[in-house]
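Biologist: Before I plan anything around this model, I would like to go through it with you. Please show it first.

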2 protein chains.
Amino acid sequence: MQVTMCPERAIMEHVTSKWGVLVLQALFDGASWRFSDLRRELEVVSEKMLTQTLRTLERDGFVHREVHPVIPPHVEYTLTPLGKGAASHLVALASWIAANQPEVTQAQEHYDGS
Amino acid sequence: MQVTMCPERAIMEHVTSKWGVLVLQALFDGASWRFSDLRRELEVVSEKMLTQTLRTLERDGFVHREVHPVIPPHVEYTLTPLGKGAASHLVALASWIAANQPEVTQAQEHYDGS
């Protein structure tokens, strides 16, 4: 299988980045999230890292950034339909992992003991 | 959606790591791969990085490492049934990305121009 392609490989890296995976899953339920709530929910230590992740996903057309012109202004993030398509595969993978985690943990224990 | 769980989060990081994604996809067709062939196919610069990735995936029970006792010995890697399950979600995501890459590229151009 040919896997060394571009720009697909770059998009794959955005979607599967450490924080990309978590942001896309968090937004999947359709709710809009404020930056500070996302940061707390995902336990993101670095504010800069979350900012960069959201910017990359916005640039790819996966995340919509809505600025509400109130005082003080606040910003909310939602998934676009395109982002929902990408995120659905991560949610499916996360469900698969949750279902198979006992088997993976067993394999890890076997590996560590051998 | 609750996404801050362990050990599922750790398994997700293994499966979606930069090289984990590519290794699992490459092995998905069922063929067995030699280390050197995988390294060439995936254009992995760092031998150590590929070694670590394969070891992590082997420990999780996703990859089977077969040592052939010939002279010189050679080692082949295949997916286990468990690994095939995990990899199938990455293959589905990669297909989705390939199909939607034009729309993502268009979004990127729009973002960069705005």
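This is a predicted model: local features need pLDDT of at least 70, side-chain atom pairs count only at pLDDT 80 or more; totals for chains, interfaces and linings use all residues.

Modeller: Residues are numbered from 1 along each chain as its sequence is written, chains are lettered from A and ligands numbered from 1 in the order in which they are written, and side-chain values use heavy atoms, with hydrogens and water left out.

Biologist: Which element of chain A has the lowest mean pLDDT?

Modeller: pLDDT is the predictor's confidence in each residue, from 0 to 100. For chain A the mean is 92, and 96% of its residues reach 70 or more. Among the elements of chain A, α5(A) has the highest mean, 97, and the lowest, 91, belongs to α3(A).

Biologist: What is the strand order of the open sheet in chain A?

Modeller: Helices (H or I, at least four residues) and strands (E, at least two) are DSSP runs, numbered from the N terminus, and two strands pair if DSSP finds at least two bridges between them. The sheet has three strands with antiparallel pairing. Its edge strands are β1 (33-34) and β2 (63-68) of chain A, each pairing on one side only. The order is β1-β3-β2.

Biologist: How many bridges pair β2(A) with β3(A)?

Modeller: A hairpin through five residues joins β2(A) to β3(A). Within this pairing, A:Glu66 stands opposite A:Glu76, and A:His68 stands opposite A:His74. The two strands pair in the antiparallel sense, and the number of bridges is six.

Biologist: Which residue of β3(A) is the bridge partner of A:Trp33?

Modeller: β1(A) runs antiparallel to β3 (residues 74-79) of chain A, and two bridges join them. One partner pair is A:Arg34 with A:Glu76. For A:Trp33 the partner is A:Tyr77.

Biologist: Why is one side of β1 and of β2 in chain B left without a neighbour in the sheet?

Modeller: Chain B has an open sheet of three strands in the order β1-β3-β2, with antiparallel pairing. β1 (33-34) and β2 (63-68) of chain B stand at the edges, so one side of each has no neighbour in the sheet. β2(B) is joined by six bridges to β3 (residues 74-79) of chain B, and B:Val63 stands opposite B:Leu79 there. The reason is that each edge strand has a single partner strand.

Biologist: What area is buried between chain A and chain B?

Modeller: The contact (heavy atoms within 4.5 Å) takes 50 residues from chain A and 49 residues from chain B. Buried area is the accessible area (1.4 Å probe) that two parts lose on being put together, summed over both. Carbon and sulfur atoms give 66% of it, and the total is about 4800 Å².

Biologist: How many salt bridges does the rule find across the interface of chain A and chain B?

Modeller: A salt bridge is a side-chain nitrogen of Lys or Arg within 4 Å of a carboxyl oxygen of Asp or Glu. The side chains of A:Arg59 and B:Asp112 meet in one (2.7 Å, N to O). Over all chains of the structure the search finds eight; across the interface of chain A and chain B, the number is four.

Biologist: Why does the salt bridge between B:Glu13 and A:Lys18 join two chains?

Modeller: The side chains of B:Glu13 and A:Lys18 meet at 2.8 Å, N to O. The pair joins two chains because B:Glu13 lies in helix α1 (residues 8-15) of chain B and A:Lys18 in helix α2 of chain A.

Biologist: Which residues of chain B does A:His89 touch?

Modeller: A:His89 lies in helix α5 of chain A. Its C-alpha atom is separated by 10.0 Å from that of A:Leu24, 65 residues apart along the chain. Not counting residues up to four places away in sequence, A:His89 touches B:Ala92, B:Leu93 and B:Trp96.
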